[in-house]
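Here is a short walk through one protein model, meant to be read with the sequence and the 3D view side by side. We will look at its surface, its charged pairs and its pockets.

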Amino acid sequence: ECLLRMRRLLKELEVRLGPDTAELDMRFGIHSGGVTAGVLRGDKARFQLFGDTMNTASRMESTGKPGKIQISKDTADSLTESGKSAWFVPREDMVSAK
């Protein structure tokens with residue numbers, strides 16, 4: 001359902017922003033685990049998440065395919081344990097996110 005909503009949003013953006021944005025796409029990386037959170041101060045204070053979990057999620061995103069949501073094995077295992085294995089489809093190829 002999330003992927004379908006993402007695709008609808010991209011179509012809406014194409015209509016709003018013009019035909020030059022037809023190539024616009026998104027990709028997401030999701031990893032499960034602990035994080036450290038804090039507020040960074042500066043010109044504009046902002047909330048930020050830190051840690052290995054965030055780094056892994058970033059790598060999942062950067063190695064993902066456009067138009068797809070890529071999840072780590074830890075996230076897939078958590079979903080499976082929660083009875084939500086129907087929420088994802090395992091990839092045929094393996095990705096090394098280092």
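## A nonpolar patch on the surface

V35, V39, F47, L49 and M54 form a nonpolar patch on the surface, and together they have about 440 Å² of accessible area. Patches are built from residues with over 30% relative accessible area and no salt bridge; like charges are joined within 9 Å, and nonpolar side chains (Val, Leu, Ile, Met, Phe, Trp, Tyr) within 5 Å. Accessible areas come from the Shrake-Rupley method with a 1.4 Å probe, and for residues only the protein chains shown count as cover.

M54 and H31 are 23 residues apart in sequence, and their C-alpha atoms are 7.5 Å apart in space.

## About the model

Please keep in mind that this is a predicted model, where local features need pLDDT of at least 70 and side-chain atom pairs count only at pLDDT 80 or more, while totals for chains, interfaces and linings use all residues. Residues are numbered from 1 along each chain as its sequence is written, and side-chain values use heavy atoms, with hydrogens and water left out.

## Salt bridges within helices

How many salt bridges does a search of the whole structure find? There are three, each being a side-chain nitrogen of Lys or Arg within 4 Å of a carboxyl oxygen of Asp or Glu.

In helix α1 (residues 2–17), K11 and E14 lie three residues apart, about one turn of the helix. Helices (H or I, at least four residues) and strands (E, at least two) are DSSP runs numbered from the N terminus. The K11 and E14 side chains meet in a salt bridge at 3.8 Å, N to O. K11 counts as exposed at 55% relative accessibility, while E14 counts as partly exposed at 24%.

D77 and K73 are joined by a salt bridge of 3.0 Å, N to O. In helix α3 (residues 73–81) these two are four residues apart, which means a separation of about one helical turn. D77 is partly exposed, with a relative accessible area of 31%, and K73 is exposed, with 60%.

## A salt bridge between elements

The side chains of E61 and R27 meet at 2.9 Å, N to O, in a salt bridge. E61 lies in helix α2 (residues 52–62) and R27 in the loop between α1 and β1 (28–30), so the pair ties together parts that are 34 residues apart in sequence. Both are partly exposed: E61 at 26% relative accessibility, and R27 at 33%.

## The largest pocket

The largest pocket has a volume of about 1000 Å³. On a 1 Å grid over the protein atoms alone, a pocket is an open set of points with protein on both sides within 12 Å along at least five of seven lines, and lining residues have an atom within 4 Å of a point. Grid points are joined across faces, edges and corners, and the volume is the space filled by probe spheres set on the points.

Which residues lie nearest the centre of the largest pocket? They are I69, Q70, I71, F88 and V89, out of a lining of 28 residues. α1, α2, β4 (69–71) and α3 each supply at least two residues of the lining, and the largest share, four residues, comes from α3. By class, the lining has 16 nonpolar, six polar and six charged residues (Ala, Val, Leu, Ile, Met, Phe, Trp, Tyr, Cys and Pro count as nonpolar, Asp, Glu, Lys and Arg as charged, and the others, Gly among them, as polar).

Definitions and conventions. Buried means under 20% relative accessible area, exposed over 50%, partly exposed in between (1.4 Å probe, protein chains only). On a 1 Å grid over the protein atoms alone, a cavity is a set of points where a 1.4 Å probe fits but cannot get out, and a pocket is an open set with protein on both sides within 12 Å along at least five of seven lines; lining residues have an atom within 4 Å of a point.
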